Amino acid sequence: MKHFYHVIILGGGASGMLCAIAAKKKNPALTVAVIEKNDRVGKKLLATGSGRCNLTHDRITADHYVGSFRDRSAAVLSQIDTTALLGYFRSLGLLCAPDGEGRYYPLSRQASSVLDVLRFNCEAAGVSFFCGETVGSVRRQGRFIVQTAQNTFEAEKLVIAAGSKAAPKLGSSGSAADLLRSLGHRVVPFAPALCPVRVQSPLLKPLKGLRAAAAVTLLRGGRTVAAARGEVQFNDDSLSGICVFDLSLYSREKDEIAVDLLPDISENELFNILKKNQKRFAAQPADCLMTGILLKRVALAVLKAAQLSDLTRPCGALSAKELRAVSAAAKALRFPVLGNAGFDRAQACTGGVHGSEIDPHTMRSKRCENLFVCGEAIDLCGACGGYNLHFAFASGIIAGEHL
Ligand SMILES: Cc1cc2nc3c(=O)[nH]c(=O)nc-3n(C[C@H](O)[C@H](O)[C@H](O)COP(=O)(O)OP(=O)(O)OC[C@H]3O[C@@H](n4cnc5c(N)ncnc54)[C@H](O)[C@@H]3O)c2cc1C
């Protein structure tokens, strides 16, 4: 069956729904349809923020993003900053509140509230949803011809809001890249980000399953590329936790992650503490040296990294050199990086349409007339903390207002 709409939005996720709402708010006479491959819109939204939807942050700047759209993103983020986005949500009926660290969530602390508000606003404005339909191809013949297995759509304007390739279970297949290429765009290949980082180390085995509050640093050739602080989780083959996810934005094979297990104590202070422990616990075996400082299994990994031989020796027999080595190891456990975990475990992606090809004031394509792109289909990826949803929502609103 053939359908005609003024505007077709490809993808019923965060950016697509905001785009539809903004388009109808600006010009109620426009006919707007959203085509979504899942059987319902906003499936990924429900999974965000562990089901609570961390939708923005009180410090949103371009510094929190990577990608070829990064410098241009300032034009988006200044048009719709945190206050403007929260005001926009309020105008739709969604109240939000921050946690103690600047991250904003719906007041209900439930992602379903966000999705329901967006859905109800779309429905009230007369947006048509075509769910369970995957767009296979898009052509330009004067108008855009959009093809799904069930229907053919014709539209004057097309918005690509089909996301990236992260978390394919929730709908992201990477099809935005193919569709954008078919319309003449340069696309940076999608790569998984905000995900565990695969590492190789004999320390993983003793640490497996443990969590530790730490500071993590990504090193390349000994130079710091990125740093973060939070809870690190030690897995079979990888490190994870929000602070590691933030490093995954930059990490690549042959980098190293240094884990500082005692970020509030300097290496020298630690050395002095260990000297006192050595006296206190002089008769105990060496594996008791860090008792009262670290979990036993974590302490054992530190002693292993410090290459202490014969842990049955008494603490009192350890040399100053060995205490120095233990202090250094606790401040920087080294994990050589193999690469990021796959798309299945990623919350977002780097890659997407090249930033130079999108006008950040309107989200209009510079390559293809009447085409707009928003959200994660653009080569921009933010840190954990609400940055990706903020950009998806903000770019969706801007696209909708310029249709
Ligand atoms: C588990 C998880 C937790 C997250 N938590 C947070 C968080 O708390 N805060 C935050 O800021 N970010 C979070 N993110 C990232 C955030 O969800 C995304 O950045 C955001 O959803 C991107 O919005 P989007 O509209 O560009 O893409 P999406 O929300 O992915 O929407 C794209 C839609 O297009 C549809 N689609 C794709 N291809 C086609 C096609 N060919 N035909 C029809 N439909 C198609 C998809 O099914 C999908 O519904 C999280 C991501 C995950 C996976």
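Me: Which residue of β15 stands opposite Q233?

Reply: The model is a predicted one, and in it strand β14 (residues 223-234) pairs with strand β15 (residues 238-240) in the antiparallel sense, over 2 bridges. Across from Q233, the residue in β15 is S240.

Me: Which strands of the open sheet stand at the edges, each with a single partner strand?

Reply: The open sheet is formed by 3 strands with antiparallel pairing, in the order β3-β6-β5. Within it, β5 and strand β6 (residues 103-106) are paired over 3 bridges, and A97 has Y105 as its bridge partner in β6. Two strands of the sheet have a single partner strand each, so that one side of each is left without a neighbour in the sheet, and these edge strands are β3 (56-57) and β5 (96-98).

Me: Which element gives the most residues to the shell around the ligand?

Reply: There are 40 residues around the ligand, and those that come nearest are G11, G13, G163, G171 and G375. By class, the shell divides into 16 nonpolar, 19 polar and 5 charged residues. At least two residues of the shell are supplied by each of α1 (14-26), β2 (32-36), α2 (43-47) and α12 (387-401). The greatest contribution, with 4 residues, is that of α12.

Me: How is α9 oriented to α11?

Reply: Helix α9 (residues 267-280) packs against helix α11 (residues 320-331) at an angle of about 130°, and their axes are 9 Å apart. Angles over 145 degrees count as roughly antiparallel and those of 65 to 115 as roughly perpendicular, and the angle between these two helices therefore makes the orientation of α9 to α11 oblique.

Me: How many charged residues does the contact of α9 with α11 hold?

Reply: The crossing in which α9 passes α11 is right-handed. From α9, the residues E267, L270, F271, L274, K275 and Q278 meet L323, R324, V326, S327, A328, A330 and K331 of α11. The residues of this contact include 7 nonpolar and 2 polar ones, while the number of charged residues is 4.

Me: Is the crossing of α1 and α5 left-handed or right-handed?

Reply: α1 and helix α5 (residues 111-125) pack with their axes 9 Å apart, at an angle of about 35°. In α1, the residues M17, A20, I21 and K24 meet L118, N121, C122 and A125 in α5, a contact whose residues divide into 6 nonpolar, 1 polar and 1 charged. As for its hand, the crossing of α1 and α5 is left-handed.

Definitions and conventions:
Residues numbered from 1 in each chain as written. Predicted model: local features only at pLDDT ≥ 70, side-chain atom pairs only at ≥ 80, totals over all residues. Pairing = 2+ DSSP bridges. Near = placed C-beta within 6 Å. Nonpolar A, V, L, I, M, F, W, Y, C, P; charged D, E, K, R; others polar. Axes fitted to C-alpha atoms, helices over the stretch in contact; angles between N-to-C directions. Parallel < 35°, antiparallel > 145°, perpendicular 65-115°, else oblique. Left-handed = near helix turned anticlockwise from the far one by under 90°. Contact = placed C-beta atoms within 7 Å.
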